[in-house]
Amino acid sequence: MSIEKWINTRSRYLNNIPVKPGPVLYWMSRDQRVQHNWALLTAQNIALELQSPLIVAFNLTPSFPLANLRHYDFMLTGLKEVEQDLLSLNIPFIMLYGDPQQTLPAYIHQNRISTVVMDFSPLKIAKQWKETLVTQTQAALIETDAHNIVPIWQASDKQEYAARTIRPKIHKQLPQYLTPIPAIQPMPPHNLPQSHQPTDWNITYAQLKSNTEIKPITWLTPGPQAAQQTLDHFLTHKAPTYATDRNEPSKDALSNLSPYLHFGHISAQHIAHQTTHLESFFEELVVRRELADNFCHHNPHYDSLASAPNWAQQTLADHQQDPREYLYTQQELEQALTHDPAWNAAQTQMLTTGKMHGYMRMYWAKKILEWTPSPAEAYQIAIYLNDTYSIDGRDPNGFTGIAWAIAGVHDRPWKERPIFGKIRYMNYNGLKRKFDIQSYIEKHLPSQKSLFN
């Protein structure tokens, strides 16, 4: 298979420098796995075609906005497994430390890298890293979307209005892109130099400069192997009742795959092959998740109220001065100290487990809008809490969920009411009508003070 075939399928050039013989680097970032990884497949096939060495590098930033030990531990534990999988295939794994805008150009220059293949991400910080790389290296730079099933630039060239507008575009292209994923093959033994030194993970952890008070989660094991086991458990034990139980927060009905998808420990395409018969799950995995990437990719204001459509900005501005029955500070919200036991239970679930039930997350964000002085402040508090405590924080799904709940993104105007204006409203009585909210509260509230005592 020719090099151009691999580049044109799910990849795109970021500069005009042609691929030429020389070491090929896969800069792993968003998709932290070996198998079912189109970016690594692209890099390997280029290296084999050129008969050149293949190297995989991960650049660790010792501090990252709102990331803490909970997130770093999950990620690094998974990367330990990735390194072992790569070494078994004669592929060296390199851990770089520092600002990627400095460390990557230096590594590329020092090691005479001819081609760099990298993961796609719709988030601003990753885009900035790549823009810097374009200006500071003479290597061919290739971006591969290994995260979405339909590559982001093939699905749509604009911000989609809602799921109903992107759904037909994605489904039309699934026959082309929802295909079997070839396996990564062992490289020739000489691809792994005898001088190669495995990562010293003690040094890696010592590099971290993040909050260590928020401890790692223990109920979910990180890494690609555990991700596959979680998928198998879901298919066997939860899939048959998923459609009816998924919006029941007191039941353990969800797949628990979102942390693995966030860190790229498992491929959405690999999951999709096994879940096409689960209509509601497939909709969330493919359409809703890729809609979130579309929103963050095309709207540079995804992390602020400025992302709201015009109708939402107008209605929120019209009602900003409406009196609030309850007002809470960020610290009070963080510690789950509101009058609402359902909201406190949701916040406590996130504090203690790093995860919040998806239905409760909608309610959680809308109440922040109701209980803070302004929509802009509500937006920022919601991002702070989600990105600090959710194991899958700093993710397009999180940004898009907050934008939907507070800013009307991917929604329509509803009946006008105080504070919310025409933004969709949710209340406690609605929770009681839909499911056994008391069981959910009793499940999560007893431990609510443990993180702060």
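The tour goes from the whole chain to a sheet and then to a helix.

First, some ground rules. This is a predicted model, with local features needing pLDDT of at least 70, side-chain atom pairs counting only at pLDDT 80 or more, and totals for chains, interfaces and linings using all residues. Residues are numbered from 1 along each chain as its sequence is written, and side-chain values use heavy atoms, with hydrogens and water left out.

**Stop 1: the whole chain.** Select everything in the protein chain: there are 21 helices and 6 strands. Helices (H or I, at least four residues) and strands (E, at least two) are DSSP runs, numbered from the N terminus. The radius of gyration, taken over C-alpha atoms, is 22 Å, close to the 22 Å that the globule rule (2.2 Å times the number of residues to the power 0.38) gives for 453 residues, so the chain is as compact as a globular protein of that length. Along the principal axes, its C-alpha atoms fill a box of roughly 70 × 45 × 45 Å. Of the 453 residues, 59% count as buried, meaning under 20% relative accessible area with a 1.4 Å probe, protein chains only.

**Stop 2: the sheet.** Now pick out the strands. You get an open sheet of 6 strands in the order S1-S6-S5-S2-S3-S4, with mixed pairing. Two strands pair if DSSP finds at least two bridges between them. At the edges sit S1 (11–13) and S4 (93–97), each pairing on one side only.

Zoom in on S5 (residues 115–119) and S6 (residues 140–144), which pair in the parallel sense over 5 bridges. Which residue of S6 is the bridge partner of valine 116? Click on leucine 141 to see that partner.

Next, select H1 (residues 3–10). This helix lies across S1 and S6, and runs at about 105° to S1; axes are lines fitted to C-alpha atoms, for helices over the stretch in contact (heavy atoms within 4.5 Å), and angles run from 0 to 180 degrees between N-to-C directions.

**Stop 3: helix H19.** Select residues 396–407. Because 10 of the 12 residues of H19 are buried, this helix is largely enclosed by the rest of the structure. Among them are Phe399, Ile402 and Trp404.

Finish at the two ends. Aspartate 395 caps the N-terminal end of H19, with a side-chain oxygen 2.8 Å from the backbone nitrogen of asparagine 397. After H19 comes glycine 408, with a positive phi near 70°.

Key. Buried < 20%, exposed > 50% of the residue type's maximum accessible area, 1.4 Å probe, protein only. Polar contact = N/O pair within 3.5 Å; in protein donor to acceptor, adjacent residues only side chain to side chain.
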